[in-house]
Amino acid sequence: MVYHVCNGSIYISQFYSFSRDYAIHQNVDKQFIFLSKNNLGLKGADIKYFSFIQLLKLFLFLKKKDRVILHSYNHPLLYICCFICSFKLNQFAWVIWGGDLFFYREYRTSLKFRIYEYLRRITIKKFGYFFNNKEDYLLAQKVYSIKGVYFCAGYPQLNLKEGIVSHIGKINILLGNSADPTNNHIEALKSLSKFSKEKINIYVPLSYGGTTEYIKSVIECGRYYFGNQFIPLLDILSYKKYLEFLDSIAIMINNHNRQQALGNIGYLLSTGAKIFIKSRVTSFSELRNSGYVIFDTEALSEINFEKFVQMDEVDKIANNTLVHSLSSSATMAKRWNTAFQIMLK
């Protein structure tokens with residue numbers, strides 16, 4: 001049996017559908033376990049909602065051939081259950097999401113977080129398998145001294161564009177992916193302010209992830225520098241509407257200090273959008289090493305508007321071709337099936 005332990009997320013909803021459509025658990029029973037009720041609308045005999053006690057019992061009584069896949073490792077209940085069942089953790093896989101890895105940079109802020117990090121350090125190094133971004137895996141090796149097996153398998157990029165999108169008129173810029181302060185919106189807006197007289201629109205998703213006070217400060221800053229060219233997105237769009245919106249984006253600015261927004265980045269690579277990511281972030285080196293043409297957010301302060309918007313058509317086409325080759329559902333299905341063959345031996 002393969003147990004997927006999840007939090008409610010659109011990525012998990014898509015992964016669940018992907019796992020069924022592409023039969024990534026060939027001849028293996030599976031179960032998706034959620035730690036709380038969610039509004040994803042998922043239904044199926046293989047979906048369960050577990051309490052702490054139920055999860056602990058599951059971990060304690062795992063059979064030798066059972067495997068547990070943690071889709072993100074960022075829940076206190078998971079830390080406690082894994083700590084108690086540390087003798088079973090060679091049967092566990094961690095799909096690294098980014099924020100769950102970079103918790104090590106935040107834990108000093110409170111005694112509670114110090115306890116969490118203590119539990120994490122004991123448990124993470126005992127996990128048997130790791131999925132997703134290779135650069136994050138290498139960082140986890142450095143921070144947590146992990147020794148488990150790495151698999152280059154993650155979440156597929158759904159609904160990729162077959163061909164690049166042409167943009168006419170004003171240049172639409174997407175800044176960040178949520179209202180979370182880790183987007184460093186205000187720093188980015190100040191860097192972009194020298195382009196305020198150009199024909200641009202700056203869209204900023206602020207519908208979730210941040211406090212009311214932070215959202216207000218971002219809007220005030222955006223209005224100050226860009227007036228009506230600054231457009232905050234305060235409502236959550238349907239998935240279809242959001243993809244239509246992304247099709248209008250020519251440039252995406254990622255000012256995070258850690259891996260984030262890979263779903264948006266992958267889709268925009270298929271449309272031919274120009275992507276900026278901080279060069280010190282693991283996703284920058286991962287994408288560059290894979291062959292994608294991306295740009296350094298930290299260079300924004302040094303370039304003029306012509307260089308900011310310019311991107312060769314051949315590079316746009318190359319990004320589109322590469323993201324289809326490396327991140328499509330069919331490709332990811334093959335990678336997951338290979339991983340399961342090795343994990344379940």
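Predicted model: local features only at pLDDT ≥ 70, side-chain atom pairs only at ≥ 80, totals over all residues.
User: Why does Cys-85 count as buried?
Analyst: Buried means under 20% relative accessible area, exposed over 50%, and partly exposed in between (1.4 Å probe, protein chains only). Cys-85 has 0% relative accessibility, so Cys-85 counts as buried.

User: What makes Cys-152 partly exposed?
Analyst: Its relative accessibility is 39%, and therefore Cys-152 counts as partly exposed.

User: Why is Asn-289 called exposed?
Analyst: Because its relative accessibility is 60%, Asn-289 counts as exposed. Asn-289 is found in helix 10 (residues 282-290); helices (H or I, at least four residues) and strands (E, at least two) are DSSP runs, numbered from the N terminus.

User: At what angle do helix 3 and helix 4 pack?
Analyst: Helix 3 (residues 76-84) and helix 4 (residues 111-124) pack at about 45 degrees, with axes 9 Å apart. Axes are lines fitted to C-alpha atoms, for helices over the stretch in contact, and angles run from 0 to 180 degrees between N-to-C directions.

User: Why is helix 3 called oblique to helix 4?
Analyst: Angles under 35 degrees count as roughly parallel, over 145 as roughly antiparallel, 65 to 115 as roughly perpendicular, and the rest as oblique. The angle of about 45 degrees therefore makes helix 3 oblique to helix 4.

User: Which residues make the contact?
Analyst: Among them are Tyr-79 and Phe-83 of helix 3 and Tyr-116 and Leu-119 of helix 4, where contact means heavy atoms within 4.5 Å.

User: What is the strand order of the open sheet?
Analyst: The seven strands run 3-2-1-4-5-6-7, with parallel pairing. Two strands pair if DSSP finds at least two bridges between them. Strand 2 (residues 30-34) and strand 3 have three bridges, and Phe-34 has Tyr-49 of strand 3 as its bridge partner.

User: Why is one side of strand 3 and of strand 7 left without a neighbour in the sheet?
Analyst: Strand 3 (47-49) and strand 7 (149-151) stand at the edges and each has a single partner strand, so one side of each has no neighbour there.

Definitions and conventions: Residues numbered from 1 in each chain as written. Heavy atoms only, no water.
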